[in-house]
Amino acid sequence: MDSVRSPEWPPAPLSGLSANSAAARYGTPAGATPASGRAAPPTTPAPPAGLRHGTPNAGPGRSAPPIPVKILVAGGFGVGKTTTVGAISEIAPLTTEAEMTSAGIGIDDPGARSGKTTTTVAMDFGCVTIDRSLKLYLFGTPGQNRFGFMWDDLARGALGALVVVDSSRLDDCYPAIDFFERAGLPFVVGVNAFDGRLAVDLPSIRWALAISDQVPLVQFDARDRLSVRDALLVVLDRALDRATRDRRD
């Protein structure tokens with residue numbers, strides 16, 4: 001799995017002077033007189049505490065770094081992907097927003113209700129720590145068809161995806177759902193409640209999108225941190241369920 005190493009992880013502890021002593025390297029107590037005759041071969045020293053049990057960055061008083069998990073935030077143009085990443089990210093999110101110009105008229109349509117004046121031309125990036133053992137790295141995809149070639153690269157190494165949907169423009173999310181169904185990547189459909197309400201109810205949306213009952217369908221608010229958190233936890237649960245079934249098979 002492709003992953004990103006968190007810049008906040010502590011470096012491995014440096015060995016002290018005692019780790020380079022003859023006693024530590026050869027197992028001979030300090031000040032002991034070597035036995036006469038053939039010298040015994042040096043023994044392999046025990047690894048430092050921070051290198052035991054496969055925890056290279058753990059040391060005395062330190063816990064293992066969190067596991068990095070890559071999650072995609074995908075969907076059509078103007079459905080709230082950038083807002084979703086920005087609402088939950090614990091760092092200033094990396095965005096690639098550019099001003100919309102007259103050249104995009106008739107091509108980039110954010111919907112009649114939207115006051116959107118910028119568009120993502122590459123990707124969005126943010127991260128959030130779930131607990132001490134898990135950290136999510138969020139990659140928001142561009143929504144326009146002309147940037148579709150980037151999706152394969154952004155999806156590499158991802159464990160799951162949140163497909164953001166505008167209930168008044170369901171046709172804009174069909175390409176995203178088709179992409180993840182073909183890729184076999186676990187995904188959750190999150191219906192962004194613009195103005196706190198939906199144009200149609202969730203059962204009607206499931207029928208219109210023709211997604212199976214195994215695909216979670218949730219309502220959330222892309223502007224609200226706790227609402228976004230709950231939607232991402234559903235994605236994690238979906239990815240964990242897929243990994244568990246694959247392990248059994």
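In which sense do strand E7 (residues 187–192) and E8 pair, and over how many bridges? In this predicted model, the two strands pair in the parallel sense, over 4 bridges. Within this pairing, Val 189 has Leu 217 of E8 as its bridge partner.

The E7–E8 pair belongs to an open sheet of 6 strands. The strand order is E4-E5-E1-E6-E7-E8, and the pairing is mixed. Strand E4 (124–131) and strand E8 (217–220) stand at the edges. Each has a single partner strand, so one side of each is left without a neighbour in the sheet. On average, neighbouring strands of this sheet are turned by 25 degrees against each other, direction ignored. Strands of a sheet pair through backbone hydrogen bonds, in either the parallel or the antiparallel sense.

Helix H2 (residues 81–88) lies across several strands. These are strand E1 (67–75), E4, strand E5 (134–140), strand E6 (160–166) and E8. The helix runs at about 40 degrees to E4.

The protein chain as a whole holds 6 helices and 8 strands. Along the sequence, these elements follow the pattern α-β-α-β-β-β-β-α-β-α-β-α-β-α. Contacts between residues at least 6 apart in sequence were examined for their separation. Of these contacts, 70% join residues at least 24 apart. The protein chain has 249 residues, of which 39% count as buried. Its accessible surface comes to about 14,300 Å². Carbon and sulfur atoms account for 56% of that surface.

How values were computed. Residues are numbered from 1 along each chain as its sequence is written. This is a predicted model: local features need pLDDT of at least 70, side-chain atom pairs count only at pLDDT 80 or more; totals for chains, interfaces and linings use all residues. Side-chain values use heavy atoms; hydrogens and water are left out. Buried means under 20% relative accessible area, exposed over 50%, partly exposed in between (1.4 Å probe, protein chains only). Contact means heavy atoms within 4.5 Å. Accessible areas come from the Shrake-Rupley method with a 1.4 Å probe; for residues, only the protein chains shown count as cover. Two strands pair if DSSP finds at least two bridges between them. Axes are lines fitted to C-alpha atoms, for helices over the stretch in contact, and angles run from 0 to 180 degrees between N-to-C directions.
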